[in-house]
Every structure is written in C-alpha cells, then in structure tokens.
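Happy to walk through this one with you. Let's take a few labels and ask what stands behind each.

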Amino acid sequence: MPAESKPQSSVPLPPKNATVVTTACDYCIVACGYKAFVWPEGEEGGTSADENALGIDFPTEELSGHWISPNEHGSCMVDGVRHNLVVLPDPDATVVNPGGNHSIRGGCLAKKPFDPEGKTKDRLQHPLMRIGGKLTPVSWEDAIEVMAQVSRHVLDKHGTESWGMKTFSYQYFENTYAISKLAFESIQTPCYAPHDKPGPGNDTAGIDDAGIVPFSASYDDWSQADVILFSGTDPYETKTVAWTEWMMRPGQKHIYVLPRRTTGVAWAEANGGLFLQIIPGTDTILHLALARIILENGWEDSDFITRHVANRWEIDSGFGRGTRNTPWQWRTTWGKFGASFVEYKAWLLSNPDSELANAEKVTGIPAAKIQQAAEMIAKPVDGKRPKASFALEKGNYWSNNYLNTASYSTLALLSGAGNRPGQVVSRMGGHQRGWMGAASYPRIFSPEKQVGRRKKEMDLDRWVEAGKLRFAWVIGTTWTQAMAASQELMTTFRTSTSGSEHQIGEADVAHAVEVLKKRVDSGGMVVIHQDIYPRGPMGTEFADLVLPAATWGEEDFSRCNGERRLRLYSKFCDPPGEAKPDWWIIQQFAQRMGFKDYDWKDSNDVFEQAARSSRTGILNYHPLVHYADQMGIKGHELLRRLGTTGIQTPIRWRSELTEPQDYRDYAGYYDDENTRGAIIGTKRLHAPEMNYGKPEGPTLHMKWMHAFNSQSGKGLLHKTPWEEFSDFYTRITPKGDELWVTMGRINEIWQTNFDGSRTPYIKDRWPHQFVEIHPDDAASRGIESGDLCRIENNDVLVQTGGFVGVDGDSQTFTGLDKAGKIRIGKGAYEAVAIVTSAIRKGVLWSNALDATQPPNSVVHRVPDPITNRYRFKLGKGRITKIGESDFKSDLTQMTFRPRDIV
Amino acid sequence: MTDPSAESCGSDCVSRRLFLASTGAVTATLLLGEIFPGRVHGQNADAPVEVSKLPRKKIGQVSTLEQDRPVPFDYPTDHYLNNCLLVKLGEKAGGGLGEAQDIVAFSGRCTHMGGSLDGLYNAEHKVAGPCAEHLTTFDLTRHGMVVAGHATQALTQVLLEVDGDDIYATGLVGLLYGYSRNG
C-alpha cells in the first residue's frame, strides 16, 4: 500500500477579489470559526498585503494564524466551474479559537468539498436504485414515488411501528427539524434512533436527573477552574481547541480517569495533575470512594449544599403522588436512586462498595491516588475551597450509563460544582448540537415499558432484530458499525434486505413498488440510505435506494457548538450532481405523502419555522428570528452578520442591554441602531448571580437559566447501587486469555474519517484500524508493533425481546438471562498492533469509528436497562497475530511512536 | 572519511539531471525512490513527491555529528522562520543519509502555527516536539509525520547531500511555515 501523501511546496494565495464567507468547522463539538476564500482557477494573489485577500504580507509571523498550509487549500465547484478554495481558521476570531487556533481535522476542511477530479469524486451525485443487484441512477421523482408508495403500504398494513428512521442527530438544525417533523409530527412513529444510540432520550441521564444541563458551561468557565476532573475523555484528542485554548493553562490541574495514557494525561502529570488509570467499567466505584473520602473528612461544600441541593421535601414537591411518568421523575423520586444529602450520606457511609480498599481492588487505581484526587477536588487549602469542575464524555457514560453519570453528578454537587465560573459540570461533547426537534418523541406509542412505570423510548436495534421494522430510512450513519454487536446486526439486515428473494429487477416505479411490497409483506425490510458518500454495507449492500445529500459548504446551515454558540455555516460551493440538502429530500417525500406544512422555499424558511420549536430549550434562537424580522432581513442573514462569533443560546431580546461589554463580546450580541431593542446570548446556564432583567418581547426566562433544571430548581443527589450493574459486569469480565476491548477517538481522525480517508495526508497517518496493546500482553502473544492482528469474541451477548417489563427483575440482566432473552453471537475485527505501555495491562484499545474494521463487533448488545444505552466501551476478545502489516517497515505510512510525550 | 552512501545520493543525481546551479526555488515532482534511492520502502518508491530545489548550503560534517545531538542551522535563508535541525537519529529513517541511513534534517517550525521546535528533540522516541504551543509531535524517522497533534502538514524535510565528509542542504520537501512558496 504505497503512501498517498504528496507534500506540496507552494500554495496559491487568495487574490483581493476572492469571495470570502464565514463558517465554522463541520466536525467536532468545538466548531472553531473559519473563513472560506473562493476564487477561479488560474488566478492567484501576491505576497504583499495589498495583493491578497488576507491583507497581510508573506511570510506571515509565527502564531499569526494567517499561514495557509497546502492542506488548507483545495478545489470546489461554483456554478459548474472549478475554483480554488482556502478554508482558514479565522485569524480574527476572539471566541472559541482566538487567533486562528485549529485542530488537524478542521485544518484539512479545504479537502472536504466535492472535486470531480480529486479524491472526493466518489461523492453520491444521483439518486440510485438497486436494480438487478446494481445501484443504478434514477430520477428524484421516481425515487420519491417508490418511497412514498411503499411507505403508505407499510403504514396502512403494518402500522407506524413498522416504519422507522435512523439518522444523525447533529447535522444542522434545518435538516434535523425536517427529520423530526416527519418522524414525530407527520408519521408519529416511535421507531426512531439517533446515530449513536439505539433510541432517543438522554445521553447522560444521571447528569440530567441531577438537574444539570449537560451543556451548561461556557469554555470560559472551564478556564477559571483550579482543577478539572476529566472522566472518560481526553479533550486534547477530541475537543482539541477547547482544551489547547481554554484548559491548557498554567496553574490549572487536571485529573484524568481513563484506561489509557494520552497526550492530555501526559500534560496533566507534568503540570501537577493526576492520572487514574482505571479498569474499564468501574467508574461508579471510583466516584463512590471519592465521595466517601470527601464526606468522611467533611470536605463537602456545605454552604452550596444548603443553598443549592434538594432536601427530601424539595425532591418530592411538585410531583404529586402516583405513577411517575417520565424517566426523570421516577428515577428521582423513588427511593432507589434519588436522595437528600442526609439520606445519601447515610447510604454511602454504610455501603462497603464505597470503601477505599474495595475501590482500589475494583478500579485497579492505587488507593493513594484516589485519596490524592479527593484532596485535589475538595480539600480546602488555607480555608479556601479549590474551584473544581467536572467534565465527562463517552468513556464514562458508554461503559455504565446511568450509574456512572448519576454518581459523577453527585460527586460534583458534593464538591460545590454546577453553577459558578470555574465550578461547572458539563459534557465535553461529541458532535455539535444540531438537533432541533419539531415535535416530541411519541413515547406513548413505544413498544417499551419499564417495570413499574409507563413507556420508555424504544431500542430500535432490538426491534430490527425482532423483525418488526419493515421500512428503514437511514440518514448520515452506517448504523450497523455504529451500534453494538455490529456483525450480528449486519447479518440481520442482510437477511431481511439483500438476502430477500424480492429484489427490484427493472427500472420501473410500479414494478419496484410491487416487489418491495412483497418483501415487506413477507417479513423483509426496505432500506433507504441517504448520505454523501457510498457507505458500506448499508448503502452499498443493503439499501434499495441510495439518496445523495448536500452537506457543509453546499447550503446555508446553522447549529450550535459545545457552549451553545450558534453560527451560520455558509454555502460557498455547489453540491455534487443532483445532491440535495436533507431537508429538501424530506420535504419532497412529505409532500408526496400528503403531509401539510412543508412549504419551504429555502433553508432559511426551515430555520425560521424551526425557531418556534426551539423556544423552551437551551438552543432557543427564536428571539434572533424575531429581531431579524424587526430589521426586515432573514434569520440566516442576521446570523451571517454575527460571523464566527455567533451568539450563545438561549438568545434573549432586551429593550436595552445591561450586560457588561466583556459578557456581550463573549456571548455574542447584535444591537442595530435603527431597530428597537437588541439581542444577546447567554454565557452560562445555572447562573444564580446573573441579572437577566425582566423577560421582554419574545424572551423566555427558563428556570434553568439561573437555577438547576429540577422541579425545585435545586440539584439532586443520587444513590447508585452497584448491584444494578454488577450481574452484567461479572458476566462480561474477560476470562482466561481474553482481554477487555475498549475504544475511543483519536485526534487526527476523530469524526472526520469519512473525509479523512480521502485526504492522503490524513490517510497516510492512519491508513488502517489499529489496536493498542500493553507490552506484557503483547509479549506473551508474540505481537510486535506493526503486526496485523485479529481480535475475536465468540461470546457476544445480544439481548432479544424484553420490551415490556412487568415484574421486579424481568428487565435486569439476570432476569433477561433467566428468561432466555440473551443469545450468544460472534464478532471480530482486524487491526495493526501498537505495543505501548500507554494502555493499561489487560486492556486493548482501538479506534471506535473505523467503519471497515468496527470494534463494536466485539461489544455486547445489552443496553443499560435503566436508560437503554449501550456499554460500548466494554467489549472483550482474544487477540492473535495474523502476520506483519506493510506499515511495520514502511517509513511513509503510520507511526508507532507514543502519543503521550510531553 | 568517505560516506559509503554518498554515491547513491539521490538529491545530487536529481539536481544534475534536472537543474543545475539553481539560484531560487525550482519545483519538480519526483518519485520518492528517485530522491532517496535504496532508502525507501520498496512499495513507496513510485510515490510522487514535490521537491523544492534550493541553493546548496553546507550545514555540517558527518564525522562531527553525534547521535541524538541536533545541530541547528538556518535554511534556506537566515529569516527567523528558517531555523532547522540536523540530527543523527541512530535509527534508519525515511530519507536518512549516512551509513546507517539515520542522518536527517527538518525545519524547526511546527507546521501547526509556527512554534519553534528548537531544543525540542526527544532522543528516546526520535520525535521533534512536543511543540510548546499546542503539543504537536513529529516522527523524524517517518518523514516528519505527525505523531499526535494539529499540524496540517508533515514537518518540512530538508533534502540532504553528502560530499565526502560534508553535509549539504539542497532543498525542501513540504512548504515552509509562514510562506506561500519555498525560497
């Protein structure tokens, strides 16, 4: 496999007359601000400030943010003509990425757009129908007609619970609004799941249940912390600029809880921080031990607890009595989890699981380090409490979802965190916040019911496995590789789609509809895959129709980043061929189905309509649309004027701004001198010190803007009994020569590999799936760095059925197993070994997002029964050497040097 | 002392074939196997590389180079962004000269945002960095590939030539930080 990268020795500078638009990065949650420069091929600016669109002299100065590297230059099509494109981190940015800081991912954005002569020439350009086994171009008209007729048949004959969607939750408000409008308002199907989980609902229920909005903090809040406890994430890898810009600060100390020593960990240890190298899945025990040390020493923040943590009366108030209808209510108010401080303390101190000796044994972390961590978080020094903040991500909530998140939020509240600068609790985030729900999920129609209460959101994967889904519209996700027990799920899909005897044989709408009706009536499934590239196997093998989507840069879109910062992602080039934005495709289908209120002329129409649905949420931008209307301009246009600074939601309309200038500059604002009032963003949620004034005009003052998001406005503590998880954990713990298989994200290809695998520079760095293995584990298996290995698990647990919980333990792992609802499947993947002491002994670590060799294949598909979330991080398997990969001796692709050098 | 690999010096051969005594940068697309004959993984010999041929400049001597002791030099000019490092890695490297194919040279400017990598050579891992600004590291045995970090280009590699005991810089692979074209 030869290297593909071809370093360039020059880059064309944008001429003075280049078109310049602002945008933000398409990838990670941080969404750095960027500028796109577009100009015709054959033209070039000069190196003097007056000869180029940047207005600066070349060579640039160090750290100026003005240098254009060759990978920041690419090509795109404008009105059918090939143009130069430079996508440069905004050197003038004052928020998010001040001065043009950027990650390697965003820094390669110029390679993303469709280039008919370049590496992205395989973008989907036309609707395709699988005819005689071959994907064949058809018209939009025919594709939509087939979808509509088959959908009508499925809905009429098999019911709404047979028609489902699996889509991205993040790819812009305009698209997700259209998706949710179709699924939840027009079809009203419960069969919906976001790209990263088997069903809708909270990601981090234990954080939400505490009354903490998982994206309440601003990046500036983190910068003011004395100490941050990072659980299950290294933001250096995945929230890169949030970390390098707002957390990599002199004097700030970081504690990392991870099984793997990363760059961020190395920096932490070199700067007075701490690394708690945990055995996967045991975070809850660590949190309990930390809480116990804090309470035994009286280091809890008593003033904060008195003022901001709910007592028993406050927990119960407002709920009345009887059945608790929402997950939040039942978890909070039943005795098992929700607790006052007094109740929690009594429970914790009498619980042997929380004892330090037990924690050392279960978590594998030396007791002295646990003790030291507790001191760093909560022990007052000279009478002053450290300002501790708490940041979590998937290593925490995708190993033991409810208990880990609930015990983490409890630890944070005891330490006085949640509502002050430097003392915040938030997710660091994965994808950007691009979900704008048009209607609520119709939980009442869900087939799933929790023991002792009413409905909960469904597990769509299990529904597919049960043969219940007949029509699946998949948008922007591979689905099978992203979910647990991937290979098993692929087999199920294959059987009911390409394995069906009913296949389209002619390019004829009536024939296609007839065949697909026969398929669904005989228990099979019709799949529509909508994406930007052909993606296997969902698009290339299973789908009957493949629809080409337009994406970043090809349409005006909007969404928020990890501090709720709303920006316009401007259009600057053509989509490929007949590709259309997702909202347009949804619109065509909905109108063909006869659904009302889809009369959008452009994406701004969708944006403005969707604003109504944002009003009571943390992404509320309705006041911006209102203000734009006052100004006589479009909503998108006002957002465009806010540039890369944007504005933090919830947006407020005020007759007169009273916020100090630094607050305005950070949160974003717009004050048009010819228009009454102004709009301003909201920097931090849960801000009791903030004077928002009176609610004016379209402004809504939600409780969680100043208080916590609970009925009393106070934070809620939770007991987290280990036995809710221990039966499953004991069963899946590796035995004999098995190792834990856990996975995560890696800086250079995090969230970008669908594009990165087409960018030679990136592909040469990570040309293949890899697996990190400890030297001791490697030596005993004869494995060296560069060896190609196979990781296999023939004991992949898959839950079947168990949708309705009736009695006590029917939905626990033990209960499901007893009832014969756990079957054993298989899974394997191949990876190039990287032997490194960075990974804990007994644990393997791979890239979670490799769609060609998905490590989710060796992960059990048994969701957390409390929240229906997978334990993605807790796979297991045996690793064996297959042979040597080319990369072992190749000096141009892949490197095996450690990443934790500081 | 005569360097036995000097005879197979690709950059020298290339310069004679394509351009003589160039004064400014001359850009040519060459194959990796032509630039570093015999020192490239066989499968990669045909990989195209864009090379900036620049004025030849003596930067050191093989006999005085000590393993893992980088020698700073400026190239192609003495502009402050042109600081480079010459290092004998003690390990075979992509484009490495000398008997052990371990003598390489790179720009000393991080290709993320231009932080200086002077004094930031990690002998244990043969890595440049981490850059003090944002911690990017570069593998000097693999043509300056990013190990971890944010640079959107590998560390710019300096083409070398050995003439007797003398080591010359002759050109660059990759774009120098701060510039729109080399030289």
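Two strands count as paired when DSSP finds at least two bridges between them; strands are DSSP runs of E with at least two residues, helices are runs of H or I with at least four, and both are numbered from the N terminus. This is a predicted model, in which local features need pLDDT of at least 70, side-chain atom pairs count only at pLDDT 80 or more, and totals for chains, interfaces and linings use all residues. Residues are numbered from 1 along each chain as its sequence is written, and chains are lettered from A in the order in which they are written.

Q: How do you know that β10(A) and β11(A) pair?
A: Four bridges join β10 (residues 253-258) to β11 (residues 274-277) of chain A, and pairing asks for at least two, so they are a pair. The two strands run parallel, with Y256(A) opposite F275(A).

Q: What makes the unit of β10(A), α7(A) and β11(A) right-handed?
A: With the strands pointing away from the viewer, the path from the first strand over the helix to the second runs clockwise in a right-handed crossover. The β-α-β unit with helix α7 (residues 263-270) is of this hand.

Q: What makes β23(A) and β25(A) a pair?
A: They have three antiparallel bridges, and at least two are needed, so the pair qualifies. W653(A) has I679(A) as its bridge partner.
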